[in-house]
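Subject: Handover of a structure and notes on its features

Dear colleague,

Please find the structure and its sequence below. My notes on what was found follow directly after.

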Amino acid sequence: MLRETASSVESKKVLIVDDVPQNIDLLKDILKEEYQVQVAKSGKVALSIIERSPPDIILLDMMMPEMSGLEVCHKLKSNPVTQDIPIIFLTAVTDAEHEREAFETGCVDFITKPITPLTTLARVRTHLQLSEKNLHNKHLIKIKTQELDDSLKSAIGMLGEMGHLNDVDTGVHMWRMADYCAILARAVGWDEERVELLRLAAPLHDTGKVGIPDAILKSPNKLNDEEWEIMRQHTVIGYQILIQSEAPLFKLAAEVALGHHEKWDGSGYPKKLAGKAIPESARIVALADVFDALTMERPYKKSWSNKEALEHIRNAKDSHFDPYLVDCFLSIEDDIRQVQEKWGIAN
């Protein structure tokens, strides 16, 4: 339970940073009865102390030789490890320009020189309590965000299962294929946010199969031309379902659903797009999906070895698959094996 009384800030660490010994002595006398006090006589020493033993709050002189308080503050606020430590500037200068610059750099308050005990104690106590509340709220947000992420992944899994109702080993295939997509997207330079978005979007590529008649999906015979035309519509149906959302995840999933059967040479479907006219997301999913299908054992076939599957991918370069993506995929065999080890595949 979060305590908001004065007792909640006892034993907190306060770092005093000032190049004037008299100011340090004065602040120590004011604070030592309630807090653990650390001291530094320069910005460089302060950064060294903070790295070894982060304080709960910092009283920082704005005007110091070699490294000013503003420079120290900027470094601390640029570092995720230290950015939440509240900083109160100590200053004899109170003009508006200095205040603006200080707040923009990240301080939470000022203590104006000459220093007085009551003001100092009140400011330190207030900002320690606010900091404690802030950290508590961040923790709650992190928990709620994780819960939402878990719920979203579950929803995606359920939607993906709908598109593979007649498949065996569906769930594992979806997420394993998504991992292949992620490592390939990372290899071609996607940033981590987009990589994770694709990891979640990829399992939805066959959502449109929910709109294909069972007689076609479950047909034990080779499909005729009319049946194939219906089957190909799963790309359009999936797109129409997923594009209903404005969320970036589902927009990407819709793009993938529509384009994952297009081929580099223009012989795919539904639009017979060629080359870079096919969205890169769909080109990545197309390659990853085929590779996973080849290396996955099914009731009607044995699994291929990595060597065999990669040779098939290499042979389909410039026809089925983007040649650059093929080269990238062939160059990350170690990452491919790590995905397989994660999912318990010996290959």
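**Notes on the structure**

D318 lies in the loop between α13 (306-315) and α14. This is a predicted model, in which local features need pLDDT of at least 70 and side-chain atom pairs count only at pLDDT 80 or more, while totals for chains, interfaces and linings use all residues. Residues are numbered from 1 along each chain as its sequence is written, and side-chain values use heavy atoms, with hydrogens and water left out. Helices (H or I, at least four residues) and strands (E, at least two) are DSSP runs, numbered from the N terminus.

**Backbone**

D318 is not a glycine, yet its phi is positive, at about 75 degrees. With 47% relative accessibility, D318 counts as partly exposed; buried means under 20% relative accessible area, exposed over 50%, and partly exposed in between, with a 1.4 Å probe and protein chains only. E66, also a residue other than glycine, has a positive phi near 70 degrees. This residue sits in the loop between β3 (57-61) and α3 (69-77), and E66 counts as exposed at 73% relative accessibility.

Two cis peptide bonds may be noted here. One joins K113 and P114, with omega about 0 degrees, and P114 is placed in the loop between β5 and α5. Another joins Y269 and P270, with omega about 15 degrees; P270 belongs to the loop between α11 and α12.

**Salt bridges**

Side chains of opposite charge can pair when their charged atoms come close. A search of the whole structure finds 21 salt bridges, a salt bridge being a side-chain nitrogen of Lys or Arg within 4 Å of a carboxyl oxygen of Asp or Glu.

K113, from the cis bond described above, forms a salt bridge with D18 at 3.4 Å, N to O. That pair links distant parts of the chain, 95 residues apart: K113 is in the loop between β5 (109-112) and α5 (117-162), and D18 is in the loop between β1 (13-17) and α1 (21-31). D18 is buried, its relative accessible area being 0%.

K32 and D29 also meet through their side chains in a salt bridge, at 3.4 Å from N to O. Here D29 is partly exposed, with 48% relative accessibility. In a further salt bridge, between K251 and E246, the closest N and O atoms are 3.6 Å apart. K251 is partly exposed at 36% relative accessible area, whereas E246 is exposed at 63% relative accessibility.

**Helix packing**

Axes are lines fitted to C-alpha atoms, for helices over the stretch in contact, and angles run from 0 to 180 degrees between N-to-C directions. Helix α7 (residues 192-201) and helix α11 (residues 248-259) have axes that come within 9 Å and cross at roughly 60 degrees. The two helices are therefore oblique to each other; angles under 35 degrees count as roughly parallel, over 145 as roughly antiparallel, 65 to 115 as roughly perpendicular and the rest as oblique. The contact (heavy atoms within 4.5 Å) involves L197, L198, L200 and A201 of α7, together with P248, L249, L252, A253 and V256 of α11. By class, this contact of α7 with α11 has 9 nonpolar, no polar and no charged residues; Ala, Val, Leu, Ile, Met, Phe, Trp, Tyr, Cys and Pro count as nonpolar, Asp, Glu, Lys and Arg as charged, and the others, Gly among them, as polar.

For helix α9 (residues 225-232) and helix α10 (residues 234-242), the axes come within 5 Å and cross at roughly 20 degrees, which makes α9 roughly parallel to α10. Their contact is made by I230, M231 and R232 of α9 and by H234, T235 and V236 of α10.

Helix α12 (residues 280-295) packs with helix α14 (residues 323-330) at an angle of about 50 degrees, the axes being 10 Å apart. From α12 the contact draws on E280, R283, I284, L287 and F291, and from α14 on L325, V326 and F329. The residues of this contact divide into 6 nonpolar, no polar and 2 charged.

**A residue in helix α5**

H127 is located in helix α5 and is buried at 12% relative accessibility. Leaving aside neighbours within four places in sequence, H127 is in contact with I57, P86, I88, V108 and D109. The C-alpha atoms of H127 and I57 are separated by 8.0 Å, although these residues are 70 residues apart along the chain.

With kind regards
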